[in-house]
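Keep the sequence panel open beside the model, and select each stop as you reach it.

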Amino acid sequence: MYLWIWRHLPAKSPAMKSLLALVLLALVAAALWYGLFPWLEPRIKFDHGTVNDT
Amino acid sequence: MIRSMIRSIGELCITGGILLLFFVAYELWGTGEFTHAQQSTLAKDLDRVWAAPTVTTEKLKLGDGVALIRIPRFGKDFTYVVVEGVSVEDLRRGPGHYPKTALPGQVGNFVISGHRTTYGAPFNKAGELRAGDEILIDTREKQYVYKVTSDRVVEPTQLDVTAPVPFHAGAKPTKKMITLTTCHPKYSARQRLIVFGVLDHELPRVKPPVPGKAA
């Protein structure tokens, strides 16, 4: 999987490829941190502090 | 062929592990950022409302700031705006007041719930409270000084800890009580830790709240 991505990075020199890979990584991390995780977190609720009868 | 399959499975496992760790990091720190941002807004709003003259028709809406809570045992800078309501959304923004329970200083039970981990973890150190520890509640006019009396670990369904007389639902209250509820043990939702306190004395509120100064 990662080898496939590495081969398809649109750059010639390994240095440029590394840079692109880092940018890609940062984008994925940001998408998770600001997109997926805030959406997912309230659905998990492993820290619930109220008392209720449900 | 087999070699590349095994490699793919290995990569997926490692990726999954990193994703999980990243999510844990988000739970512990990312959620706190959210709460701190919300708390500064709430503190500003509360400041503005308290600075304005009293309106007789003023009604507390869900999601509004109710009071400020300070607990010296949790640190000098420990200040949170208590939100009206205990829905998941409310508790993400700060400790929440159970809407049908008493207000600060009233006879009955002023019940607050808060996260023990994640979302700023306001009640993280709830287990360290000892009898006699002060819980300071600031409202527009008064500062109410409650003192911790006892604590209990109960099942999540034990609703009567929020009753005006805890454990005696329906009984007529005579004391001015405060009750904190949070999850127990830490990082779990299996049980609840309940801390009880009773009003010791009240003072005029002194200085304006420090916005966004939540520990």
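## Stop one: a pair of facing strands

Begin by selecting B:Leu180, which stands opposite B:Val195 in E8(B). Before going on, a word on what you are looking at: this is a predicted model, in which local features need pLDDT of at least 70 and side-chain atom pairs count only at pLDDT 80 or more, while totals for chains, interfaces and linings use all residues. Residues are numbered from 1 along each chain as its sequence is written, and chains are lettered from A and ligands numbered from 1 in the order in which they are written. Element names follow DSSP runs, numbered from the N terminus: helices are H or I runs of at least four residues, and strands are E runs of at least two.

E7(B) and E8(B) run antiparallel and are joined by eight bridges; strands are said to pair if DSSP finds at least two bridges between them.

Is E7(B) enclosed or open? Nine of its nine residues are buried, so E7(B) is largely enclosed by the rest of the structure. Buried here means that 20 or more other C-beta atoms lie within 10 Å of a residue's own; 12 or fewer makes a residue exposed, anything in between partly exposed, and the C-beta atoms are placed from the backbone.

Follow E7(B) into the turn. E7(B) and E8(B) form a hairpin with six residues between them, and B:Tyr187 in the turn has a positive phi of about 65°. A cis peptide bond joins B:His184 to B:Pro185, with omega about -10°.

Then move to the loop between E4 and E5 of chain B, where B:Thr118 is found. B:Thr118 is not a glycine, yet its phi is positive, at about 60°. B:Thr118 counts as buried because it has 25 C-beta neighbours inside 10 Å. B:Ala121 lies in the loop between E4 and E5 of chain B too. Phi of B:Ala121 is near 45°, again a positive value in a residue other than glycine, and B:Ala121 is buried, with 20 other C-beta atoms within 10 Å.

Zoom out to chain B. Its secondary structure comes to two helices and eight strands, in the order α-β-β-α-β-β-β-β-β-β from the N terminus. The C-alpha trace spans about 75 × 40 × 30 Å along its principal axes. Of the 215 residues in chain B, 36% are buried.

Which residues have the most contacts inside the largest nonpolar core? Select B:Ile69, B:Val81, B:Val82, B:Ile135 and B:Val195; the core they belong to has 37 residues. E8(B) supplies the largest share of this core, five residues. A nonpolar core is a set of buried Ala, Val, Leu, Ile, Met, Phe, Trp, Tyr and Cys residues joined through C-beta atoms within 7 Å.

Centre on B:Val82 for a moment. Leaving aside neighbours within four places in sequence, its contacts include B:Ile69, B:Pro95, B:His97 and B:Ile112. Two residues are in contact if their C-beta atoms, placed from the backbone, lie within 7 Å.

## Stop four: where chain A meets chain B

Finally, bring in chain A, whose secondary structure comes to two helices and zero strands. Of its 54 residues, 11% count as buried. The contact between the chains takes 30 residues from chain B and 16 residues from chain A. On the chain B side, the largest share, eight residues, comes from H1(B).

Select helix H2 (residues 14-40) of chain A together with H1(B): their axes come within 11 Å and cross at roughly 85°. The axes are lines fitted to C-alpha atoms over the stretch in contact, and angles run from 0 to 180 degrees between N-to-C directions. H2(A) and H1(B) are therefore roughly perpendicular to each other, a label for angles of 65 to 115 degrees; under 35 counts as roughly parallel, over 145 as roughly antiparallel and the rest as oblique. Show side chains for A:Leu32, A:Trp33 and A:Phe37 of H2(A) and for B:Phe22, B:Phe23, B:Tyr26 and B:Gly30 of H1(B), which make the contact.
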